[in-house]
Number of protein chains: 2
Amino acid sequence: MAGERTLLSYTPEIKVVDCTIRDGGLTNDFFFTDQFVKDLYIANVKAGVDYMEFGYKASKDMFDVKKFGKWKFSDDEDIRAIVGDNNTNMKISVMADVGRCDYEKDIIDKKDSPIDMIRVATYINTIPAAVAMIEYCHEKGYETSCNIMAISKSNDIDIDAALEQLCQSSVDVIYLVDSYGSLYPEQIRRLSEKYVSFAEAHGKKVGIHAHNNQQLAFANTTEAVIKGVSYLDATVSSLGRGAGNCPSELLLGFLKNPKYKIHPILDFIQQEIVPLRESGVKWGYDVPYLLTGILNQHPRSAIAFENEERTDYKDFYIELLENF
Amino acid sequence: MAGERTLLSYTPEIKVVDCTIRDGGLTNDFFFTDQFVKDLYIANVKAGVDYMEFGYKASKDMFDVKKFGKWKFSDDEDIRAIVGDNNTNMKISVMADVGRCDYEKDIIDKKDSPIDMIRVATYINTIPAAVAMIEYCHEKGYETSCNIMAISKSNDIDIDAALEQLCQSSVDVIYLVDSYGSLYPEQIRRLSEKYVSFAEAHGKKVGIHAHNNQQLAFANTTEAVIKGVSYLDATVSSLGRGAGNCPSELLLGFLKNPKYKIHPILDFIQQEIVPLRESGVKWGYDVPYLLTGILNQHPRSAIAFENEERTDYKDFYIELLENF
């Protein structure tokens with residue numbers, strides 16, 4: 001890349017990836033109405049979003065289909081019921097977790113599927129399994145990404161080794177993922193430079209998936225853009241696990257490519273997000289998520305704190321320190 | 001300054017300035033209970049906060065004392081009722097707006113006052129009036145700052161001229177203020193470098209006062225720190241006009257000086273902020289503030305939108321564009 005991108009750079013290689021259903025499904029066990037998903041699809045197409053992720057391809061042997069909405073499993077026919085032949089400029093993605101999917105059964109030939117990209121989520125110790133999935137999906141004709149989760153718990157030597165291994169694979173996009181919302185912009189810049197340097201040498205792209213525990217998801221995403229990261233995950237109104245993600249409306253308001261429009265997303269917020277929040281689904285920045293973020297911990301204890309409607313923030317902090 | 005500060009830098013010259021009452025007072029016309037203010041004072045002292053701002057020194061000729069709580073005026077005796085002789089390591093500040101105070105009447109000799117610092121707020125076109133106030137307060141024995149507001153509407157030539165003029169004054173601290181929450185980290189870094197370069201040449205310090213319209217108040221504050229900005233404004237739970245400010249709890253969780261403690265602020269949030277929000281006082285990030293932030297506008301229309309409990313975000317955006 002010739003120099004750093006600047007605030008007014010027009011950067012056609014940027015791709016906005018909407019993960020509202022997939023990450024948001026972690027707040028309501030994927031029980032979205034069809035209307036919600038259809039309205040989001042239409043809003044994303046109008047907004048110029050490049051990819052929309054419908055959900056996970058989770059194993060029906062491992063997870064009880066009666067306990068989750070359909071987007072935990074994202075059957076091709078359920079996606080088709082929303083998108084038809086998807087005659088739009090927006091591509092469709094799903095996520096498949098290493099060790100929690102039956103990809104050889106559930107992921108069919110690309111030519112028979114409405115899905116364009118399979119995003120493989122992995123922890124750093126299961127990269128070889130991720131690579132096997134990536135090669136399978138690549139052979140089937142899909143674009144692929146590898147989302148290495150929880151790297152704020154990993155050291156640089158392991159991250160380098162993981163990136164090197166992925167660079168030898170067929171993967172198209174390598175994702176920098178701040179699972180715990182614990183990384184500061186300074187760290188994101190350094191990691192972005194590392195990821196981009198590996199990826200560019202092998203003709204691959206880099207993406208970022210941020211969490212908002214410290215109100216840094218948007219800032220970290222824009223800082224990654226400056227360093228050459230191109231695939232930008234966002235969710236409408238931050239809808240996602242715990243503190244949520246980089247808000248689509250902030251990201252679309254920031255990007256300078258005139259193909260991106262903010263108003264379809266604003267309309268969707270009024271039509272679907274306001275009622276969803278009123279229905280009691282909980283997500284978004286709050287003090288307990290900040291605390292797990294600072295301490296670089298999984299947000300599960302903060303989610304429990306919120307669900308119990310506790311407000312004893314100091315006591316919660318002391319509990320976290322004792323389990324550190 | 002020898003090189004940039006890094007994430008683990010221990011930076012003893014950093015000062016945290018709590019503006020919860022002063023900026024927060026813009027959400028409730030300064031009608032805080034004495035208990036709230038006293039509890040905040042105690043929490044700030046315990047947390048290692050360096051300055052606590054009690055409110056404005058507003059003109060009683062211009063503003064009806066019956067229509068505002070006491071912290072609109074911040075009489076010395078009202079401050080004394082909270083802090084006594086303030087035998088702590090925390091200093092006390094108040095803000096005085098150019099053209100909206102009677103400083104020659106209301107600001108007495110420092111030796112007779114509980115106040116340590118007078119922060120003079122000005123628009124860029126009234127810098128000479130600000131300098132007159134600064135010289136008056138300096139003569140009376142106070143530390144002073146100059147907070148140049150709304151600079152996202154100013155050009156670099158005017159900002160340079162303002163900084164040059166302030167550098168020739170007795171002011172101690174010059175503040176970079178993002179009144180509309182419209183500046184991105186990239187811009188904050190550039191402006192911080194400019195302010196610090198002027199200030200260091202004249203033995204002065206630089207501060208930052210950020211707003212959270214685009215969820216960037218904390219990120220912009222930490223980026224300013226890297227560039228040598230030392231006085232950091234924050235408010236508990238972002239309490240402040242519109243989208244609010246850099247949250248104290250995020251800032252205290254970030255700073256590495258062990259004198260800063262987060263748990264007294266967590267306790268205060270439970271004791272006083274949760275009930276304040278439940279009482280109906282409105283503040284904090286929401287879509288309309290993002291929109292005025294992107295468009296670099298005063299948040300007043302967004303505040304009205306929130307107070308009317310509207311949710312037609314798209315229509316509001318179109319209204320803003322038509323008044324651009």
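Which residue just after α10(A) takes a positive phi? In this predicted model, in which local features need pLDDT of at least 70, side-chain atom pairs count only at pLDDT 80 or more, and totals for chains, interfaces and linings use all residues, that residue is Gly280(A), with a phi of about 105°. Residues are numbered from 1 along each chain as its sequence is written, while chains are lettered from A and ligands numbered from 1 in the order in which they are written.

Helices (H or I, at least four residues) and strands (E, at least two) are DSSP runs, numbered from the N terminus. Helix α10 of chain A covers residues 263-278, 16 residues in total. From its first C-alpha to its last, α10(A) reaches 22 Å, close to the 22 Å expected at 1.5 Å a residue, the expected span being 1.5 Å times one less than the number of residues. A bend of about 40° occurs at Ile269(A), taken as the angle between axes fitted to the seven residues ending there and the seven starting there. Ile269(A) is also among the buried residues of α10(A), which include Pro264(A), Phe268(A), Glu272(A) and Leu276(A). A residue is buried if 20 or more other C-beta atoms lie within 10 Å of its own, exposed if 12 or fewer, and partly exposed in between, with C-beta atoms placed from the backbone. The buried residues of α10(A) pack against elements of both chains: α2 (34-47) and α9 (248-254) of chain A, and α11 (287-294) and α13 (313-322) of chain B. Contact requires that the C-beta atoms of two residues, placed from the backbone, lie within 7 Å.

The contact between the chains takes 31 residues from chain A and 31 residues from chain B. On the side of chain B that touches chain A, two or more residues each come from α7 (185-201), α8 (217-226), α9 (248-254), α10 (263-278), α11 and α13 of chain B. The most is given by α10(B), with six residues.

In chain A, eight strands close into a barrel with parallel pairing, in the order β1-β2-β3-β4-β5-β6-β7-β8. The twist averages 25° from one strand to the next, from axes that are lines fitted to C-alpha atoms, for helices over the stretch in contact, with angles running from 0 to 180 degrees between N-to-C directions. Two strands pair if DSSP finds at least two bridges between them. Five bridges join β3(A) to β4(A) (residues 117-122) in the parallel sense, and Asp97(A) has Ala121(A) as its bridge partner in β4(A).

Chain B likewise contains a parallel barrel of eight strands, ordered β1-β2-β3-β4-β5-β6-β7-β8. Strand β3(B), residues 91-97, is mostly covered, with six of its seven residues buried. It pairs with β2(B) (residues 51-56) over four parallel bridges, and Ser93(B) is the bridge partner of Glu53(B). Six parallel bridges link β4(B) and β5(B), where Arg119(B) stands opposite Ser145(B).

The largest nonpolar core has 200 residues, of which Ile174(A) and Ile174(B) touch the most other members. Such a core is a set of buried Ala, Val, Leu, Ile, Met, Phe, Trp, Tyr and Cys residues joined through C-beta atoms within 7 Å.

Positive phi values also occur in residues other than glycine: Asn86(A), near 50°, and Ala150(A), near 60°. Asn86(A) lies in the loop between α3 (76-83) and β3 (91-97) of chain A and counts as partly exposed because it has 18 C-beta neighbours inside 10 Å.
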